[in-house]
Amino acid sequence: MMELSSLLSDRLFSSGTSTHWAPGAEARQAKLADTRPPRRLLSDVCYCWEQPVAERIAHLMNLQVGWDGYKGGPLTRANAQIAMQLLATVCAPDTPCPALVPLSSGGLQVEWHRATVDLEITIFSPRRITVYVSDQGTGEDGEEWSISSDFSSIVPHVHALSGAS
Amino acid sequence: VARPATLPDFASPPLVEVAISVQFDPLANYRQVWAGKIWDLFRDRFEIVHEQLPLQPAFETFGGPARPSIKVGFSQAPIHARLWFLNSEKTELLQFQNDRFVRNWRKMPPLNNEYPRFETIIDKFEKDITSLERFCEEQGIGKLAPNQSELTYVNLIADVDELEKPDQLFKIFHFNEKFRPADLFCNLWYEIRDENNAPYARLTVLVTREHVQDKIGFRLEITARGAPAEQTIKASIERLALFREKIVRTFDAITTETAHRRWKKIQ
């Protein structure tokens, strides 16, 4: 997938040939583009959760309106993008693959349920994300808090999942 | 928006484009049929219209290494075009899609048009996005709730021979005659933090080699992007004014005194 630009001084647009970028029907299918170079070195890190997560997100973006028996809509592009960024930021290569549950509002719940840890991240919108953790440190009732663009408070809880059975 | 008194200033900067952007939550009831009515808001000054593919939503996030993630593409839901509204000289551009509004200014060498300065561009941007907000609310298209502000300055540097070497232009490179690259591509990221040392925006510096007129020169692109303090136009404009200050100070800090003399640094 080619990255689009909003700048006039990018060569793509400065030639005056920009009108051929009109949207086409082929662009309407949900796609996930890996813009990184293909793995070629043994020392390149492989994130085992990434591919199944990407496929699930593409599926959720293609849900039909009413998928939940009511008026539920597909996962929005903005929420899908923020979910991928969040996971890329907080997950280690060996983090277990999360369950991804759609919300009827176009949001997404990212969940891990292990024997000793429950971690749920709910993305209502890119500016409105809540985190719920229940583990030995929090007690049975767990802890819940809100985040926006800084995901650092989730990192220790996600890393703890790798060792939790 | 007033210019900070101590901000570095250049009489002849190599600036060729400025892009001011506010991204907002998708307008819930926007349909493509509204495109013409939205053009009508700006048509007296922007009489040329083009359609483009929409830009991807972009968010600055923090808390871990800036590892590239898989990019999300389009869904089966109908996608709306990004509209370009250009002025007759093609030096000014408004861009609208259902989650973003952008204003660009660019220098056109044949016209040799003067940079109107940030204060002028941001005032026009605020006026236009306020018109858009009012229209969307009046027509029930949706509430314009900004979630990211973004400012980009593009400089094209095509100078005489004495400035052709990158370390004579930029303080961020130190090469010697035995170890001088034939080409370069440099991308640097900096976090912008609040008074509590929490990151809320990111500044990106991109240096590449590029054809500038009939020579090979340098393209220096500096972008600042991050969430406004509140989801309002006022807060977005305040963020953009802060970003301008960060960008200009970064430009001043990473370029050499030799280059500053050529660009007629005033203070």
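Let's start with confidence in chain A of this predicted model. The lowest value there belongs to helix H1, residues 11–14, with a mean pLDDT of 43, while strand S2, residues 99–102, has the highest, at 97. For chain A as a whole, the mean pLDDT is 81, with 77% of residues at 70 or more.

Now, staying in chain A, have a look at two helices that pack together. H2(A), residues 50–61, and H3(A), residues 77–90, cross at roughly 170 degrees, and their axes come within 10 Å. With an angle over 145 degrees counting as roughly antiparallel, that is why we describe H2(A) and H3(A) this way. Which residues make the contact? From H2(A) we have A:Val53, A:Ala54, A:Ile57 and A:Met61, and from H3(A) A:Arg77, A:Ala80, A:Ala83, A:Met84 and A:Leu87. By class, that gives eight nonpolar residues, no polar ones and one charged.

Let's move over to chain B. Here H2(B), residues 118–138, packs against H4(B), residues 233–254, at an angle of about 160 degrees, with the axes 11 Å apart. This pair is therefore roughly antiparallel too, and the crossing is right-handed. The residues that meet include B:Phe118, B:Ile122 and B:Phe125 on the H2(B) side, and B:Ile237, B:Leu240 and B:Arg244 on the H4(B) side. And how does this contact divide by class? Between H2(B) and H4(B) there are eight nonpolar residues, one polar and four charged.

How values were computed: Residues are numbered from 1 along each chain as its sequence is written. Chains are lettered from A and ligands numbered from 1 in the order in which they are written. This is a predicted model: local features need pLDDT of at least 70, side-chain atom pairs count only at pLDDT 80 or more; totals for chains, interfaces and linings use all residues. Side-chain values use heavy atoms; hydrogens and water are left out. Axes are lines fitted to C-alpha atoms, for helices over the stretch in contact, and angles run from 0 to 180 degrees between N-to-C directions. Helices (H or I, at least four residues) and strands (E, at least two) are DSSP runs, numbered from the N terminus. Angles under 35 degrees count as roughly parallel, over 145 as roughly antiparallel, 65 to 115 as roughly perpendicular and the rest as oblique. A crossing is left-handed if the near helix is turned anticlockwise from the far one by less than a right angle, and right-handed if clockwise. Contact means heavy atoms within 4.5 Å. Ala, Val, Leu, Ile, Met, Phe, Trp, Tyr, Cys and Pro count as nonpolar, Asp, Glu, Lys and Arg as charged, and the others, Gly among them, as polar. pLDDT is the predictor's confidence in each residue, from 0 to 100.
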